[in-house]
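Please brief me on this model, topic by topic. Keep it short and keep the cut-offs in view.

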Amino acid sequence: MGDEKTKLIVGVNDKVPIGQSIVLGIQHLLSMDLYVFPLLLASLVGLNFADSTFLIQMCFFTCGIATLIQTFFCMKLPVVQGASFICLTALASIGAAKGMDTVAGGIIPGAIILILLGATGLFAKFVARCIPPYIGGLVIMIVGLSLSTTAVSGIASNDNKNLAGNLVCGIVSAVTLLICTVIEYRTHNRALSVFSVLISIIVGCIAAAFMGDISFASVTDASWFQLPSMFHFGLPKFDISSIAIVTFLYFLVLCETTGTWITVADVTGEELTDKRYNSAVVGMGVGCLISSLFSGTPLTGYSSNAGVISITKIGSRQVIGVCGGLLMVLGLCPKIMAVLACIPGAVINGVFLIICQILIINGFKVVRQQRIDSRNGIVIGLSLAVTIGSMGISSDVTAMFPDFVQYFLSSGTAVGALTAVILNLILPSAGKITAARTTATSSSAQGKAEAE
């Protein structure tokens, strides 16, 4: 039943008793922090309470569907799908300026392109050429770095005319998660690792209650059960500039999720063949397409679940399938989603700030595992520098450019990751430089011989 190579207790295709599957599925669900993305997006776009609740609901529901598709029909590995933070700032800019219907219209074409990439077999060639492992890790670092400013801005916000309250709530939740992380690191307490985000949000909400900045009164009006509806924000609007930037961001999401797939394959001992790569991107595209129809967001594989598998040594697809089913069930319960929507934005941003730093560390771990020569060092250093530099561009400057450029510059992730990929493609490798020098030396020697 186990896997000798990875020492899994339960292999990828092994069965697990239903009771144990539910418990393990809940553990995977809790490790995802899935509610953070829709809460942040709703806050940045300025959605009302009802629309915020619906966005969270559909995020859970569509992630559940996408997880089942990827796990049982496409990639056939234990990969949980969740919202990608790479797209956060760009989607927020598009949603605030042109509406959530334009966001949906921007997501659909890119999802179709993903399906075509996998169906034609081009994706495996793309991975071999454009996404070496260190670039995947670097993109994760860039995501954490660029989104840190979003988190800080959310904490130091005066949108509700309560700057002091926001600062207190955000700092309390951030410090709580930091303390939990340090204690977990020193004690290797698995339960604390799984529940640390939840604990931090609860403590942050208690602080918000003391500051008079939280109310759950609206939860009583939410129903316990509601079927999902398509195009909640209206029929998709297809705006060229929005489509262009979101489609480009899909490319970055592919870099991110490929790193997750490599991690899952390594943990489970499964081989990532070209066929599996192509099937995986088809599954990702189908999941993103379904998500857009239900007013969701672009999806990616969550690396945190690979961490859970490595800890529990249980890699069964059945467990991940149960997790997907649980996500769908939660997505059908507006009352639970309404509770999440009541959490103050400052509390969520305080937690998110620490999550960003964990992303940076995880990306660094991936990069560190690879051989870093002077060429790769230049790629890493310049990409991080460009990411930081792009975050300092003022809104007055970006307003001078067309919409596409504005959306692009609003995302430090997009700027930094594109820089990383381009530099990796155009800078000659050490092998090419050596070959060139050898050729030049041989030509010189031959010329001297002929002269003599």
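**Cavity, salt bridges and surface**

The largest cavity is lined by Met100, Asp101, Val103, Ala104, Ile107, Phe231, Phe233, Gly234, Ser292, Ser295 and Gly296. The model is predicted: local features need pLDDT of at least 70, side-chain atom pairs count only at pLDDT 80 or more, and totals for chains, interfaces and linings use all residues. Residues are numbered from 1 along each chain as its sequence is written, and side-chain values use heavy atoms, with hydrogens and water left out.

**Cavity**

- The whole structure holds one cavity of 30 Å³ or more.
- Its search runs on a 1 Å grid over the protein atoms alone, and a cavity is a set of points where a 1.4 Å probe fits but cannot get out.
- Lining residues have an atom within 4 Å of a point.
- The space in the largest cavity is about 50 Å³. Grid points are joined across faces, edges and corners, and a volume is the space filled by probe spheres set on the points.
- Helix H5 (residues 100-119) gives the most to this lining, with five residues. Helices (H or I, at least four residues) and strands (E, at least two) are DSSP runs, numbered from the N terminus.

**Lining residues with positive phi**

- Most residues other than glycine have a negative phi.
- Phenylalanine 231 has a positive phi, near 55°. It is found in the loop between H9 and H10.
- Phenylalanine 231 counts as partly exposed because its relative accessibility is 25%. The classes are buried (under 20% relative accessible area), exposed (over 50%) and partly exposed in between, with a 1.4 Å probe and protein chains only.
- Serine 295 also is not a glycine, and its phi is positive at about 65°. Its place is the loop between helix H11 (274-293) and strand E2 (299-301).
- Serine 295 is buried, at a relative accessible area of 8%.

**Salt bridges**

- How many salt bridges does a search of the whole structure find? It finds three. The test is a side-chain nitrogen of Lys or Arg within 4 Å of a carboxyl oxygen of Asp or Glu.
- Lysine 98 pairs with aspartate 239 at 3.0 Å, N to O. Lysine 98 lies in helix H4 and aspartate 239 in the loop between helix H9 (190-210) and helix H10 (240-268), so the pair ties together parts 141 residues apart in sequence.
- Lysine 98 is partly exposed, at 27% relative accessibility.
- Lysine 237 pairs with aspartate 101 at 3.5 Å, N to O. The lysine sits in the loop between H9 and H10 and the aspartate in helix H5, so this pair ties together parts 136 residues apart in sequence.
- Lysine 237 is partly exposed at 48% relative accessibility, whereas aspartate 101 is buried at 11%.
- Arginine 276 pairs with glutamate 270, with the closest N and O atoms 3.4 Å apart. Arginine 276 is buried at 18%, and glutamate 270 is partly exposed at 25%.

- Helix H4 covers residues 88-98, and its buried residues include Leu88, Thr89, Ala90, Leu91, Ala92, Ile94 and Gly95.

**Cysteines**

- What does the disulfide count come to? It comes to zero. A disulfide is a pair of cysteine sulfur atoms within 2.5 Å.
- The sulfur of cysteine 63 has its closest cysteine sulfur in cysteine 59, 4.3 Å away, which is too far for a bond. Cysteine 63 is buried, with a relative accessible area of 0%.
- Cysteine 205 is in no disulfide either, and the nearest cysteine sulfur, that of cysteine 169, is 8.2 Å away. Cysteine 205 is buried at 12%.

**Nonpolar surface patch**

- Leu163, Leu167, Ile171, Val175, Ile179 and Ile183 form a nonpolar surface patch with about 470 Å² of accessible area together.
- Patch residues have over 30% relative accessible area and no salt bridge; like charges are joined within 9 Å, and nonpolar side chains (Val, Leu, Ile, Met, Phe, Trp, Tyr) within 5 Å. Areas come from the Shrake-Rupley method with a 1.4 Å probe, and for residues only the protein chains shown count as cover.
- Isoleucine 171 lies in helix H8 (residues 163-187). It is partly exposed at 48% relative accessibility.
- An α-helix has 3.6 residues a turn, so residues three or four places apart point the same way.

Key:
1 Å grid on protein atoms, 1.4 Å probe; cavity = no way out; pocket = protein on both sides within 12 Å on 5 of 7 lines; lining within 4 Å.
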